[in-house]
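Work through these exercises with the model open beside you. Try each task before reading its solution.

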Amino acid sequence: MSRLFPKPKPAFLADYLVHSNSNNIQYAIYFSCLASVVFGIQLLNHLRLGGDMLFAANMPYTLLYMVSFVFAACNVLMLRKLKALPRLSSFVNAIEILFTVFFASVGVFWSLLSVNDGHGIAPFIVIMMLLCFSLQGHLSYLLSILGFAFLGLIIGLLVSSLSRDIWFDISLGFSSTLVCFAVAHLIEKSRLKSFEEISKLSSTNRQLRTLTQQDHLTKLLNRRAIDSALKREMARSERFDHPLSLLMIDVDNFKQINDGFGHVFGDQILIDISRSIKKHVRDVDYVGRMGGDEFLVILIETNPNNALQIADRMRNEVRSINNQILECNISISVGLTAMQGESVVALLEKADKALYLAKKAGKNKVRSVFSQTNEMTNL
């Protein structure tokens, strides 16, 4: 069954269904545009008959062209708008299947009219081949629709053409249905293979992007990434006039810790401190390692008072590491500043000055600077 109905690997299944539904909408719209043009032209040509188009011989064609044109035009006008409504998404998925069923029925009905007029089942063959591209991700539905369409064609031929030799039309319909089966199967396999390859490539690119932005030890943003985030958020803050606060953090006496306990122990301390800092920021905020034992925290839409509380919670959280590691005294100093329209360099200089004040005050302190000439002592 897996060979007859190929399916994506479990890791790709959910994404493939979303991708398929999006493509099915696009296909339904494109095919509906083509159908509205074809049936619109046929309907205009049919209107030239005037009142004769309502005669019994012409009425089936009139209904066929009119209903098909209206259905196709409604698809073009409404399908994309309906898809945008989340509560109607399942309803739109049903319309995608109804779209295929409808045009398969049109192909059968049109072919029966064509056979009775001596023109063969060309409409059935053409429409079935076009439908092979529909219902991506739902191959079983598509093959069922094609099979029922062929069955409907046989029944229609047997009922309406008892006095004619219809076996050629039946054999031609059977051959074309098998070809459609094979084409639909190959298309789905090709789509699956292409999607899985693209998904793997996208996953690899995401991993590479993460590696280029992530500090290898702490898993925080690296210097390049945090600098880029700071420039981006400063521009956004200035554009929308929203507050932005900055914390520059340095581990107290880290050189002595490295010298006394070794670099492996020092690395673990940096990891533990990184986790402590991350506990007190939101998903929208940024935390990065500037290098060595220095960290930078960007607090989005956070005023200085709230930033001060966050900084103090971080400081106390890091102090709690001492309860787990009794051999050494671990603490951090925090410099706090807020954006006031200055450049990136000037903002970092204010944060660095605030950090210097925290160190000068005896370490394990939070100090803030909000202008180059105004200093404020905090906690």
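The exercises below use a predicted model.

**Exercise 1. Check the span of helix H10 against the distance between its end C-alpha atoms.**

Step 1. Helix H10 covers residues 304-319, which makes 16 residues.
Step 2. The expected span is 1.5 Å times one less than the number of residues. For H10 this gives 22 Å.
Step 3. The end C-alpha atoms of H10 are 22 Å apart, so the model agrees with the expectation.

**Exercise 2. List the buried residues of H10, then find what covers them.**

Step 1. Buried means under 20% relative accessible area.
Step 2. In H10, the residues that pass are Ala307, Leu308, Ile310, Ala311, Asp312, Met314, Arg315, Glu317 and Val318.
Step 3. Look at what lies over these residues. The cover includes strands S1 (244-251), S3 (294-300), S4 (332-338) and S5 (366-369), along with helix H9 (263-278).

**Exercise 3. Count the aromatic pairs, then classify the pair of Tyr16 and Phe195.**

Step 1. Rings pair if their centres lie within 6.5 Å. The count comes to 15 aromatic pairs.
Step 2. For Tyr16 and Phe195, the centres are 5.1 Å apart and the planes make an angle of 65°. Planes over 60 degrees apart count as edge-to-face. The pair is therefore edge-to-face.
Step 3. Tyr16 sits in helix H1 (residues 10-47) and Phe195 in helix H6 (residues 167-213), so their pair ties together parts 179 residues apart in sequence.
Step 4. Check burial. Tyr16 has 1% relative accessibility, so Tyr16 counts as buried. Phe195, at 11%, counts as buried too.

**Exercise 4. Classify the pair of Phe99 and Phe103, and say how many residues separate them in helix H3.**

Step 1. The ring centres of Phe99 and Phe103 lie 5.2 Å apart, with 65° between the planes; this pair is edge-to-face.
Step 2. The two residues are four apart in helix H3 (residues 89-116), so about one helical turn separates them.
Step 3. Both Phe99 and Phe103 are buried.
Step 4. Widen the view. Ring pairs link Phe99 and Phe103 into a cluster with Tyr27, Phe31, Phe71 and Phe102.

**Exercise 5. Is Asp250 buried or exposed, and which side chain joins its own in a polar contact?**

Step 1. Find Asp250 in strand S1.
Step 2. The relative accessible area of Asp250 is 12%, so Asp250 is buried.
Step 3. The side chain of Asp250 makes a polar contact of 2.6 Å with that of Lys359.
Step 4. Set aside neighbours within four places in sequence. Asp250 then contacts Asp293, Glu294, Ser331, Ile332, Ser333, Leu355 and Lys359.

Conventions. Residues numbered from 1 in each chain as written. Predicted model: local features only at pLDDT ≥ 70, side-chain atom pairs only at ≥ 80, totals over all residues. Heavy atoms only, no water. Buried < 20%, exposed > 50% of the residue type's maximum accessible area, 1.4 Å probe, protein only. Contact = heavy atoms within 4.5 Å. Phe/Tyr/Trp six-rings, centres within 6.5 Å; stacked < 30°, edge-to-face > 60°. Polar contact = N/O pair within 3.5 Å; in protein donor to acceptor, adjacent residues only side chain to side chain.
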